[in-house]
Amino acid sequence: KCTPKKYSEGHRATALATGDEHVKFMLPSVKKATYTDNDSLAKLIRPKYIYRNDLLDWYAGSHHHERDPVLQFQKFHKGDNDGKKELDQALDHLAETTPKGCINRIVSSNHHDHLDQWIRRTSIDKDHVNAMLLTDLKKWVRESALKGENKSAMQLYFEKNPCGVPVEFLDRNKPCLHNGVDYSQHGDVGTNGSRGSARGIAKTTYKATIGHSHGARIVRSVFQAGTSTGRLGYENGMSDHTNTHVIHFPN
């Protein structure tokens, strides 16, 4: 922190917004540099909040794989179609990477939505690997709906299986502000339900920090984080993707 006459060090960051994590595919080097090394970014800046975009990849039940029997065969034999294992991996990741005194905020993201979509289209009589998980999630989602709640399947699973660190889920329809910067948007959804982009969100009311595209950029008042992974299976050709986070200090 600088003034005209002096400067001071050691100030705690308000927020760290990570490049999309996709925990199943997060690079070990990024995890160490961001969270677990002694001189990691999180330990250095001690953020009050960590905003997590696409924490869950939901590779286990991805709709992109339904017409690829060879990939489904591979997933079955490697255990990559086990949804409970992937959800628990995300919970373990939160427990391992959350600094003391920090609150995790899970940003509503398209890959998190994939879990809700999977529940709606998948039958417990056909997916025997995930039948018990499906049974629980279908029940919890319906109970939540009867209460008039707007909770995702991922939120319900995390609430039923607490990981020992503070976790909050954000709502796309409610701003989450620090010093006039909104953290509620992942970047996949734009204004009035249109396709999201940094350029489109830059035309809205608030400054914003978003994720989603895996390519870091600044468009006027919008800062977009990158990714925490290497190249994912569905990413082909040339790419502007980078391992980039966004830090927000109080000033």
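Cys 102 is buried, at 1% relative accessibility; buried here means under 20% relative accessible area, exposed means over 50%, and partly exposed lies in between, with a 1.4 Å probe and protein chains only. The model before you is predicted, so local features need pLDDT of at least 70 and side-chain atom pairs count only at pLDDT 80 or more, while totals for chains, interfaces and linings use all residues. Residues are numbered from 1 along each chain as its sequence is written, and side-chain values use heavy atoms, with hydrogens and water left out.

Let me stay with Cys 102 for a moment. Cys 163, for its part, is in no disulfide. A disulfide is a pair of cysteine sulfur atoms within 2.5 Å, and a search of the whole structure finds 0 of them.

I turn next to the salt bridges. In general, side chains of opposite charge can pair when their charged atoms come close. The rule applied is a side-chain nitrogen of Lys or Arg within 4 Å of a carboxyl oxygen of Asp or Glu, and by this rule the count comes to 12 salt bridges.

One of these joins Lys 31 to Glu 96, with the closest N and O atoms 2.7 Å apart. Lys 31 lies in helix α1 (residues 28-36) and Glu 96 in helix α4 (residues 83-97), so the pair ties together parts that are 65 residues apart in sequence. Helices (H or I, at least four residues) and strands (E, at least two) are DSSP runs, numbered from the N terminus. Lys 31 is partly exposed at 21% relative accessibility, and Glu 96 is partly exposed at 48%.

A further salt bridge is formed by Glu 168 and Arg 105, whose closest N and O atoms are 2.8 Å apart. Here the link is between strands: Glu 168 is in β4 (residues 167-169) and Arg 105 in β3 (residues 103-106), so parts 63 residues apart in sequence are tied together.

A pocket is defined on a 1 Å grid over the protein atoms alone, as an open set of points where a 1.4 Å probe fits, with protein on both sides within 12 Å along at least five of seven lines; lining residues have an atom within 4 Å of a point. The largest pocket has a volume of about 490 Å³, the volume being the space filled by probe spheres set on the points, which are joined across faces, edges and corners. Of its 25 lining residues, Ser 108, Asn 150, Lys 151, Ser 152 and Gln 155 lie nearest the centre. Two or more lining residues come from each of α5 (110-121), α6 (131-146) and α7 (153-160), and α5 gives the most, with 5 residues.

Now the open sheet. Its 5 strands follow the order β5-β6-β7-β9-β8, with mixed pairing; two strands pair if DSSP finds at least two bridges between them. β5 (177-178) and β8 (217-219) stand at the edges, each with a single partner strand, so one side of each is left without a neighbour in the sheet.

Which way do the pairs run? β6 (residues 181-182) and β7 (residues 207-210) are parallel over 2 bridges, and Val 181 has Lys 207 as its bridge partner. β7 and β9 are also parallel, over 3 bridges, with Ala 208 opposite Val 222. β8 and β9 (residues 222-224), by contrast, run antiparallel and are joined by 3 bridges; there Arg 217 stands opposite Gln 224.

I finish with Thr 18, in the loop between β1 (15-17) and α1. Thr 18 is buried, at 0% relative accessibility. Leaving aside neighbours within four places in sequence, its contacts (heavy atoms within 4.5 Å) include Tyr 35, Ile 50, Arg 52, Ala 225 and His 245.
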